[in-house]
Amino acid sequence: MSELYLVIRTADQARKAEIKVPVTSSAADIVQAAIQNWQLPGDTDYTLVNITTGFSFDLSSQSTIGSLGVQDGHILEIQPVLVAGRVCL
Amino acid sequence: MVSLDRYLRHSLIDWFDQDRLRGINVIVVGAGAVGNEVLKNLALVGVGTIHIVDFDIIEVHNLTRSILFRESDVGRFKSEVAAARILEINPDCVVTYSIKGLWESINIKMLKKFDVVISCLDNYEARIALNQICLIAKIDFINLGIDSRYVSIERYPLRLEPDCCCYECAIPPSIYRKINERYSCGWLKKIAFAEKKIPTTAVTSSVAGALCISLLLQCDHPDCLRGAVKIFFDTITMRSSVVKLTKKNDCMSCLEYGRDFTLVEYSPVGDISPILTHSKNNVDDIMIQTSDKIITDTICRICGQLKEVYDLASYYDDSLTFCGKCMKSSMSVQIQDMFTFTEYELISFRLKRLPKYIKFKLGEVNYILEGGNHE
């Protein structure tokens, strides 16, 4: 199996798509594609979680989604990293 | 035993351990919108000891989201007012506060007396610094984040599971790029950088406060969440998700700060010779890492003018790169946080301000020598 059928969505579920991706894709590839295709706000940082398995992804890893246990039908959600904007260190 | 009258309704919950809560020591960093909700809930449920850190002053726009502040409090310190109000809510609590910044308010020795640090901060740098110091002290870290719609709570149980995922394991690489945008030369604040203000409401801050305290309480419940977890809540659709946070194998923070350290108090800073007395190591084989970046000097690339600085970089901005003689931003700034022992010995006595701690490895032992400008 060289491709996976996945559901990818934003946290508000305003954007949702059934996609076919190579098993060799990384989590970061998926997030980057979603940001570009859905024109998500560029000033926000995002994480990716696997809603089906209940695990988060390491976006700095080059590991393939295939090796991370992602399977056909899994739902992946792009969530914003939440922070307000004043420095108080 | 705690007062049965005050906690009567709690005592009706079979898994609720009031005595355990009474014995918990919590640090809340940030007494803004989320901090207010967390503090209010800590006091209501009867957490024993609460320390509040915030140097900021109450402004009128805080009043739409801050249950502990009144209009008459505008202009007063957030942590001072919050401490007074939660004592009114529950006089059983032991409450202390600091009106200094995070780095001046907290140290590793002090942290070890606490059970959990709750981050109600509003920026990445302070969260990263807190995460690192929690990794060293091996103390639980709860991080809260909100915007106008979403709530995110992450729990890192570093005390019981020191090898679990840490805050830096869980954040995407884009955050480091964002932090770098705010600094020139690696660590000088850009004076012209405009901070983005994130809109928030009492809805998201109160949900964050409630979920955070629920995480503290649920340790007593048989169905409680285990390990490093993230709860994400959408206050519009009311959907939520819970995921286990995955440890990053090459996380630099886990590798650097997650080890076992021998903590030594030192004064004056730099006098590490007692530790070296019995060492067979060549002292210059020892690399010393400072907790804070240090500016040693600046030199103009045009006129060659040299200026000694010997101070912590966090106190400077990019105006330091301006040469008054050449009237250009032509100064190169020497910033470093790694020194040989001899280098550090030479500079440490000239430093205007001391790093919070220094760390180094001697034989098989990782040392942290803590000094610096903290309470």
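Is A:Ser61 buried, partly exposed or exposed? A:Ser61 is partly exposed, because 16 other C-beta atoms lie within 10 Å. A residue is called buried if 20 or more other C-beta atoms lie within 10 Å of its own, exposed if 12 or fewer, and partly exposed in between, with C-beta atoms placed from the backbone. A:Ser61 sits in the loop between β4 and β5 of chain A. Helices (H or I, at least four residues) and strands (E, at least two) are DSSP runs, numbered from the N terminus. A:Ser61 and A:Arg9 are 52 residues apart in sequence. Their C-alpha atoms lie 21 Å apart in space.

The model is predicted; local features need pLDDT of at least 70, side-chain atom pairs count only at pLDDT 80 or more, and totals for chains, interfaces and linings use all residues. Residues are numbered from 1 along each chain as its sequence is written, while chains are lettered from A and ligands numbered from 1 in the order in which they are written.

Chain A contains 1 helix and 5 strands. From the N terminus on, the order of elements is β-β-α-β-β-β. The radius of gyration of chain A is 14 Å, close to the 12 Å that the globule rule gives for 89 residues, so chain A is as compact as a globular protein of that length. This radius is taken over C-alpha atoms, and the globule rule is 2.2 Å times the number of residues to the power 0.38. Along the principal axes, the C-alpha atoms of chain A fill a box of roughly 50 × 25 × 20 Å. Of the 89 residues in chain A, 33% are buried. Among contacts in chain A between residues at least 6 apart in sequence, 59% join residues at least 24 apart. Two residues are in contact if their C-beta atoms, placed from the backbone, lie within 7 Å.

Chain A also touches chain B. The contact takes 27 residues from chain A and 41 residues from chain B. On the chain A side, β3 (46–50), β4 (55–56) and β5 (75–80) each supply at least two residues. By class, this side of chain A has 15 nonpolar, 6 polar and 6 charged residues. Here Ala, Val, Leu, Ile, Met, Phe, Trp, Tyr, Cys and Pro count as nonpolar, Asp, Glu, Lys and Arg as charged, and the others, Gly among them, as polar.

Chain B is assigned domain 1 (8–257) and domain 2 (262–370). These bounds come from an automatic or database domain assignment. The C-alpha centres of the two domains lie 31 Å apart. The largest nonpolar core has 110 residues. Such a core is a set of buried Ala, Val, Leu, Ile, Met, Phe, Trp, Tyr and Cys residues joined through C-beta atoms within 7 Å. Among the residues with the most contacts inside this core are B:Val28, B:Leu39, B:Ile50 and B:Cys212. Both domains of chain B give residues to this core, so it lies between them. A second, separate core of 10 residues includes B:Ile294, B:Tyr316, B:Met331 and B:Val333. In soluble globular proteins, nonpolar side chains tend to be buried together. Leaving aside neighbours within four places in sequence, B:Ile50 is in contact with residues including B:Val26, B:Val28, B:Leu39 and B:Val95.

Helix α7 of chain B covers residues 124–137. At 1.5 Å a residue, its 14 residues should span 20 Å, and its end C-alpha atoms are 20 Å apart, which agrees. The expected span is 1.5 Å times one less than the number of residues. The helix is mostly covered, with 11 of its 14 residues buried. Those buried include B:Tyr124, B:Leu130 and B:Ile136. B:Tyr124 counts as buried because it has 21 C-beta neighbours inside 10 Å. Not counting residues up to four places away in sequence, B:Tyr124 touches A:Val83, B:Ile175, B:Lys178 and B:Ile179. B:Tyr124 and B:Ile171 are 47 residues apart in sequence, with C-alpha atoms 9.7 Å apart.

Some backbone angles stand out. Most residues other than glycine have a negative phi. B:Lys138, which follows α7, has a positive phi near 55 degrees. B:Tyr310 has a positive phi near 50 degrees and lies in strand β13 (residues 306–312) of chain B. B:Tyr310 is partly exposed, because it has 15 C-beta neighbours inside 10 Å. B:Met327 has a positive phi of about 55 degrees. B:Met327 lies in the loop between β13 and β14 (331–340) of chain B. With 9 C-beta neighbours inside 10 Å, B:Met327 counts as exposed.
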